[in-house]
Amino acid sequence: MPDYDPKTIEEKWQKRWEDEKSFKVEADPSKPKYYLLEMFPYPSGRIHMGHVRNYTIGDALARFKMMKGLNVLHPIGWDSFGMPAENAAIQNKSHPDTWTHDNIRAMTAQIKRLGLSYDWTREITTCEPENYQWNQWCFLKFMERGLVYRKNSEVNWCESCNTVLANEQVVDGLCWRCDNEVVPKQQEGWFFKITDYADRLLEGCKDLAGGWPEQVLTMQKNWIGKSTGAEVDFQIKDSKESIKVFTTRPDTLYGATFMVLAPEHPLTVSLSRGTAQEKTIDAFIKEVKSQDKIARTSEGGEKLGVFTGVHAVNPLNGETIPIWTANFVLMDYGTGAIMSVPAHDQRDFEFAKKYDLPIRVVILPPDGNTNADDLKEAMTELGPMTQSGVFDGLADDEAKLKVCAHLQSKKIGKATVQFRLRDWGVSRQRYWGTPVPIIFCEKCGTVPVPYKDLPVILPLDAQLGDKGQSPLKTLDSFINVPCPKCKAPAKRETDTLDTFICSSWYFDRFTSPHEKKAPFSKDSNRYWMAVDQYIGGIEHAILHLLYSRFFHQVFRDMGLVASKEPFVHLLTQGMVIKDGAKMSKSKGNVVDPDHIIDRYGTDTARLFILFAAPPTKQLEWSDQGVEGSFRFLKRVWRLFEGSKNIFDSKPVGDDTGAELQIKLKELRRMIHVTIKRVTEDIEKRMQFNTAIAAIMEFVNHLQKFFEGEMNHTHDPSTKGQALFKEAMETLILLLAPFAPHITEEMWEQMGNKGTTLKAGWPEYNEEYLRTDEIEIVIQVNGKVRQKLSVAEGIDEESLKAKSLEDPRIQEWTDGKEVKKVIVVPKKLVNIVVK
RNA sequence: GCCGAAGUGGUGGAAUUGGUAGACGCGCUGGAUUCAAAAUCCAGUGGGGGCAACCCCGUGCGAGUUCGAUUCUCGCCUUCGGCACCA
C-alpha cells in the first residue's frame, strides 16, 4: 500500500490546474456569479502565516462555491507602490522597481505552492503604467467633479518617511508605517473631498449591517463622527462682526456664560488689538503653538486660557458675556469657536471653575436644585429647560428643535451637522507612487494633464536620494514640460499619490484587468460587482475600507458602477499567534510557511489553519496541531488505499429500501448528516473548524464500519460495498475545499473522469437524516436523571407516561408531588416535583 | 469616559432557536504491536466522593427571570480592540 505522499500529489495537481487553467473565468450572464476576494498583498518579499491564513480561508470558500456550481471570480494581484520598496532600494543600493518585481516573482512561487484557486490571467500589479494611469484618470475625473483641491495647510508630517500622511494614517500620533512621531507642518498638497460623502458613507453602514462585522462598522461610524446640532451667531459687543459657534446642545443656549475661541482663530488676534489684553494674547498663542499637538488634544491636558478683552452678546437673553481663547478649543473642528455652558458641559465647567467664570443652570436637574454653587460637576444629561424664558419646560429633542426654529426665524442660526471626518490628503512627497497628473504654468496656473497625454509615466531611470528624497523633484526630464494650454515652458507636479488610491478600486479592475480604454469595463463590472465576500485583516477597518467605499460612491455618481456598496460581506480574519504573541522576527516566533509545506504538504497546512480556530478568531499556532492534521490526512489516505478493491463494485438494486441492515442504515444516515453539517457550517456560519470536525467524525465512523463490516472474511454484501463507495465519494467531495490535492488524487484513482470541482457539491436527503429510535433525556427538576430510547414518532402522552414509569425516575419522584411535566419534542422531558 | 468584542477542562476550541456542557483535535495515562523505536491501533481522560450503581460541584464573579441559563436581564471584575478636551 503506497504511503500518503503529499509532495508528489500536490505538485501533480498544481501543475494540472495551471496547465488546464482550471480557475480561469469569464463573465457569463446566464450563470450566477460569486466574487470572492482576499485583500491583495504588498510584495514585501516573503509570505507569512497571516497571508496563508487569509488565502486559505478564501480558497476553501471559493472552491466550495465552485463546487456549488457558481461562476466564481477569485483573483489576485499586487499592491506594489509604497515606501518599503524605497527603503529596501536605499539599503540594497537597488531600485524600487527591481526590488518589487523580484519580490513578486518570489511570492508568486510561494503562493502557487499553496494550491489556491486563483485566476492568474487576471493578475494585476499596481505599479505598472497600464494600471496606475487609471489612478491619474480618477484624479482628473474627480477633479472635474469638484472633488479634488489643492491647499496649503497644516498637515501630518512624518520625518522618517519624509512625507505627508492622511489623518487615517496617523495612529496614536505615530506614523502607521514606521511608528515615528508625526509632526505638524505647513505644506501645499492635494486633497480628495471625502467629506462631501460623509453622510452617504455613514448611511451606507446601515446597508452593510449584517454583512460586515459590527466592530468595523462601529469604527467607521466613529471615524466619520456625525454630530447634529446648531450653528449660532454671537454678536460681538460694540461691533458689526459676529462669531459663529457650533453646539450639539442648542437647548442650553441660555446657560452660555462665556465664549471661547481657538487660539488659531483669526478673531483671537484681531479682537484683542487695542485692548489691554493684546500682549497677553500674543504670548498665549505663542505658548499654545509650541505645545505638543498630542498633549494638547489629549483629555488629561491642562485647560489653559486667557481673556481677549472683548465681550459678545448672548443672542437669546441679550446678556453680555466675555470672549476667551483657550487651548482646548480646536480650529479644525466645528467653527473653531464655542459657546461655553459650564453647568452642562464638563470641560466648560472645569474651565469656569479654574478662571472663576459664572455658571448658570438651565436644564432642570432631577432634584430640582438650580443653584449653580451646589454643582460638583457638569449636569450633562438632557432634561427640561429652565431659566430659559419662553422655552422653559421644553425638553430633549423638542427643546432643541424649537430653539433651532427660533434661531432660524431670527436669522441668527440654524440646525446643522458636523463631521469628524476630514478631507483625504493624497499628496506624497515620495518617488515610488503614481505621479500626480498636474502641470504648473506661470501663465495658466494649475493645468490638468489632458487625458490623451496619460499616463504620466514614473521615470524608472531615476535614483533615490540617500535619505529617500524623491528624484522627481530634481529630474529635469520629468519636471520640464510645455504647458498643455499655452505651450510655454512649465513644470510638472512632483508629488505622487497615496498608495491607498491603488487599493481603492483594484477590485473593479479585476473584473476586466486588460481593459485598455477605461479603468474597467462597465459591463464586466456590472456582472461581477459587488464583491460577495471580502476577506482581510482588521487593520484596514478604516483606511482602505473607507477609501474604497468613497471611490465606489463617486464611481456610482459617475455611472460607472451599479452596486450600492463595493463589499457585501466582509470577514476580518484573526491574527496568527504563537506562544501568545503575534508572529514577528523580533520575537523569534515566526513559522515559515515553506518549511511547513516541505515537511507536511499544503493540504496539511491548510487543514490545520482552518481547523484550529474559527476564521474570525485569533489562531494559536501549534506544531502538534499540525501533526494532528497530517495524521488525519494519512488516516484518510490509508482508509482509501485499504478499501480500493471494492470501488469497482456497481450498486445492485435499490439501496433505499427498509430491508437495509441497521449498520448500513446508520452509515447512510451518517453520510447525509455529515453533508448537512459541513454544508451549513461553511455556507451559513463560515465556521470551517466545525465543518472539519464533522468530517473527522465521519472518517472515524467510516473506519469503524470498514473494519467491522467490510473486512470480514465472509463476503460483504453488494449493497454494503455500493454504500461504502458512496460514503467514500462523499468524504472526498466534502473534504475537497479544505484539502484539494489529496482529494483530487483520490477522486481520480477512484476512476472518476472529471475533477471534484466538476463533480459538484453533495446534497443531502432529509429523509435519510431520520432514525427509528431516538434518545430522550429525562430530567427531574432540570437535572438529567435518565436517558430513554424511544420510537421516533412517539406521542407526547406516551412519552410522559413512559418517563414517569421509569424505575430510576420513580426513585426521584417517589413520595413527591409531580407539579408539571414539560415535553420538548424529540429532545427531553422535564418532570417538576416538589 | 464612550462604543464594541470576549472570558468554557491541562490545551486549541464545540454546544446553530433557552433544552444532555466539554463535539472534534492536541496533550496526557494505560494497553496492543515491535528485539527496540517510529508509525499504527484499542481504552481512558473537567474536579471531588464511592468497590460499584451512582451522587455532588462545575462555563470570570454576584443577583434575577425560567420547569430548565454557557445562551436572556441587571450589577460587577478582567482582557482585547476602537474613539476621545469633537463643542
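Which residue just after α6 takes a positive phi? Gly-210 does, at about 100 degrees.

This is a predicted model, where local features need pLDDT of at least 70, side-chain atom pairs count only at pLDDT 80 or more, and totals for chains, interfaces and linings use all residues. Residues are numbered from 1 along each chain as its sequence is written, chains are lettered from A and ligands numbered from 1 in the order written, and side-chain values use heavy atoms, without hydrogens and water.

Chain A splits into four domains, with bounds from an automatic or database domain assignment.

| Domain | Residues |
|---|---|
| domain 1 | 135-196 + 424-499 |
| domain 2 | 226-419 |
| domain 3 | 644-769 |
| domain 4 | 773-833 |

The C-alpha centres of domain 2 and domain 3 lie 73 Å apart.

Helix α6 spans residues 198-208. Helices are DSSP runs of H or I, at least four residues, and strands are runs of E, at least two, numbered from the N terminus. Ala-198, Leu-201, Leu-202, Gly-204, Cys-205 and Leu-208 are buried there (under 20% relative accessible area, 1.4 Å probe, protein chains only). They sit on the same side of α6 because their arc around the axis is only 155 degrees, taken from the directions from the helix axis to the C-beta atoms. Their packing partners include α7 (214-224) and β26 (567-573).

The largest nonpolar core has 90 residues (buried Ala, Val, Leu, Ile, Met, Phe, Trp, Tyr and Cys joined through side-chain atoms within 4.5 Å). Helix α21 (residues 688-710) gives the most, 11 residues. Trp-621 and Phe-738 have the most contacts inside this core. A second, separate core of 67 residues includes Phe-81 and Ala-198.

Key
Buried < 20%, exposed > 50% of the residue type's maximum accessible area, 1.4 Å probe, protein only. Contact = heavy atoms within 4.5 Å.
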